[in-house]
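Please examine the sequence and the three-dimensional structure shown here. The paragraphs that follow lead through them step by step.

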Amino acid sequence: MTAGSEVAARSLRTDRNFAVFWFVQALSEVGNAFALVAVPLLVLEATGSVARMGLLTATAGAASVVTGLFAGTLVDRFDRRRLMVLCEVARAVLYGLIPVCWAADPQMWLLYAVMGAAAVLEMIFQVAYVAAIPNLVDKERISAANGLLQTTNSAAYVLGPMLAGLVAGVFGVTAALSINAASFAVSAVGLALIRFRPREERAVAARWFDLREGFLAGAGFLWRTPVLRALTLLLTVFLFLSLGMTDVFIYHVRHDLGQNDRVVGYVMGAAGVGTIAGAALMSPLRRWWGFGPCWLGSVGLCGVVVAVAGVAGNVVVAGGMVLAYSLGVALAGLCSMSLRQEVTPDHLLGRVTSAFWTMHNVLAPIGAVVLTALAKGVGVKDTLLAAGAAFLCVAGVGLFTPVRLRRPAIAADAAAPPGRGRRPSGASGSSTTG
């Protein structure tokens with residue numbers, strides 16, 4: 001880690017507002033990890049049907065896509081901290097209803113209602129979460145802040161499922177969901193205790209259901225800004241390839257390599273370690289190399305290790321490739337998120353984030369279906385070799401776009417016309433360091 005990144009990380013840890021935000025979000029992510037395990041177990045316990053679990057997941061996914069059309073406008077129009085507090089309180093109540101009602105009379109309709117509503121709140125909260133980072137820290141510390149947050153979030157998803165399994169085994173599945181509800185309540189209290197910096201003074205006049213001034217305004221900014229336009233197109237292909245990759249890796253280890261469920265768990269644990277490593281390395285690597293080399297290098301890394309995983313006949317090698325792949329995905333994702341936060345004016349950040357995620361949420365599941373169907377039809381080896389080549393093509397195409405620049409945020413700020421992408425000279429955090 002460079003001296004600059006060490007100073008940035010140390011200053012963030014001593015920043016009371018960021019430290020509280022960091023702690024409660026880590027706790028909230030542990031709660032989410034509990035739900036990741038507890039909800040499927042509850043469905044299987046009640047129905048014994050994997051198909052019912054798939055329908056529940058589809059319900060939540062559809063709710064997220066629809067919410068993406070207006071979540072950004074809500075985040076840009078209203079106080080972001082209060083909106084996040086309301087989302088956390090509502091999720092605490094929703095998840096708290098399940099153990100209470102389940103104790104009296106288990107009903108599957110309750111799970112569909114809760115998971116659909118929780119998906120709406122999750123999308124709004126996550127858009128506000130991304131938009132809130134520039135309201136918490138200076139622009140030059142955004143990458144360091146994202147790295148710290150993602151490191152602890154990744155650790156939560158390594159430890160959370162193990163703790164959830166322990167709690168569910170000893171106290172029952174609904175006890176794990178009670179802990180999830182409590183984590184949201186604690187997060188709401190913590191968010192209520194912090195203060196965000198004043199936002200850029202530019203009101204959002206659109207109604208929350210106004211697509212032209214809401215979702216389309218965010219999508220329009222992505223298209224008008226050359227580096228974000230190129231990055232969005234490249235990431236669409238990247239996420240099309242990557243969403244189903246975990247399923248293919250699991251199938252490969254279980255079916256092709258003949259390993260048991262315990263070994264599958266170890267390999268997926270390696271994926272969690274890779275995500276943590278990628279989050280921890282993002283800030284210093286971006287300082288050393290700049291955005292373009294860091295992002296394109298991470299995509300290229302994904303391509304190489306996916307292809308190697310396809311021909312790996314040893315589970316240890318496969319586990320190492322899964323770790324390296326997860327590292328690359330974490331680096332690429334965090335680099336792109338940090339750049340959007342740096343380039344986008346504060347009054348548009350919610351809508352830009354919402355538009356970005358919604359477009360990928362629509363297309364990425366199609367990629368997951370295609371990838372898993374290919375793995376079943378032509379085999380894992382050929383599927384992973386083709387996917388690896390496609391990742392490398394994404395990196396290669398990126399070399400001919402503004403994404404290749406080491407400091408694309410500076411170019412984007414300089415090229416933006418007044419009143420569109422460029423920040424007012426007097427706005428908080430107006431300097432751009434890339």
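Arg-91 is buried, having a relative accessible area of 2%; buried means under 20% relative accessible area, exposed means over 50%, and partly exposed lies in between (1.4 Å probe, protein chains only). The model is a predicted one, in which local features need pLDDT of at least 70 and side-chain atom pairs count only at pLDDT 80 or more, while totals for chains, interfaces and linings use all residues. Residues are numbered from 1 along each chain as its sequence is written, and side-chain values use heavy atoms, with hydrogens and water left out.

Arg-91 forms a salt bridge with Glu-122, and their closest N and O atoms are 2.2 Å apart. The pair links distant parts of the chain, with Arg-91 in helix 4 and Glu-122 in helix 5, 31 residues apart. Glu-122 counts as partly exposed, at 25% relative accessibility. A salt bridge here is a side-chain nitrogen of Lys or Arg within 4 Å of a carboxyl oxygen of Asp or Glu, and by this rule the count comes to six.

Further salt bridges involve Arg-80. The side chain of Arg-80 meets that of Asp-76 in one of them, at 2.9 Å from N to O. Arg-80 also forms a salt bridge with Asp-346, where the closest N and O atoms are 3.0 Å apart. Because Arg-80 lies in helix 4 (residues 80-104) and Asp-346 in the loop between helix 13 (315-343) and helix 14, this pair ties together parts that are 266 residues apart in sequence. Buried positions are found for Arg-80, at 1% relative accessibility, for Asp-76, at 3%, and for Asp-346, at 6%. Asp-76, Arg-80, Asp-346 and Arg-351 are linked in a network of salt bridges.

The chain as a whole provides the setting. The protein chain has 16 helices and zero strands; helices (H or I, at least four residues) and strands (E, at least two) are DSSP runs, numbered from the N terminus. Of its 434 residues, 53% are buried.

Helix 5 comprises 29 residues (residues 108-136), and at 1.5 Å a residue it should span 42 Å, which agrees with the 40 Å between its end C-alpha atoms. The expected span is 1.5 Å times one less than the number of residues. Since 23 of the 29 residues of helix 5 are buried, this helix is largely enclosed by the rest of the structure. Where does helix 5 kink? A kink of about 30° lies at Val-130, shortly before the proline Pro-134; the bend is the angle between axes fitted to the seven residues ending at a residue and the seven starting there.

Two other residues illustrate contacts, which require heavy atoms within 4.5 Å. Ser-242 belongs to helix 9 (residues 226-242) and is buried, with a relative accessible area of 11%. Neighbours within four places in sequence aside, Ser-242 is in contact with Tyr-325 and Phe-391. Arg-16, in helix 2 (residues 16-47), is partly exposed at 49% relative accessibility. With neighbours within four places in sequence again left aside, Arg-16 is in contact with Leu-193 and Ile-194. The C-alpha atoms of Arg-16 and Arg-195 are separated by 9.6 Å, although these residues are 179 residues apart along the chain.
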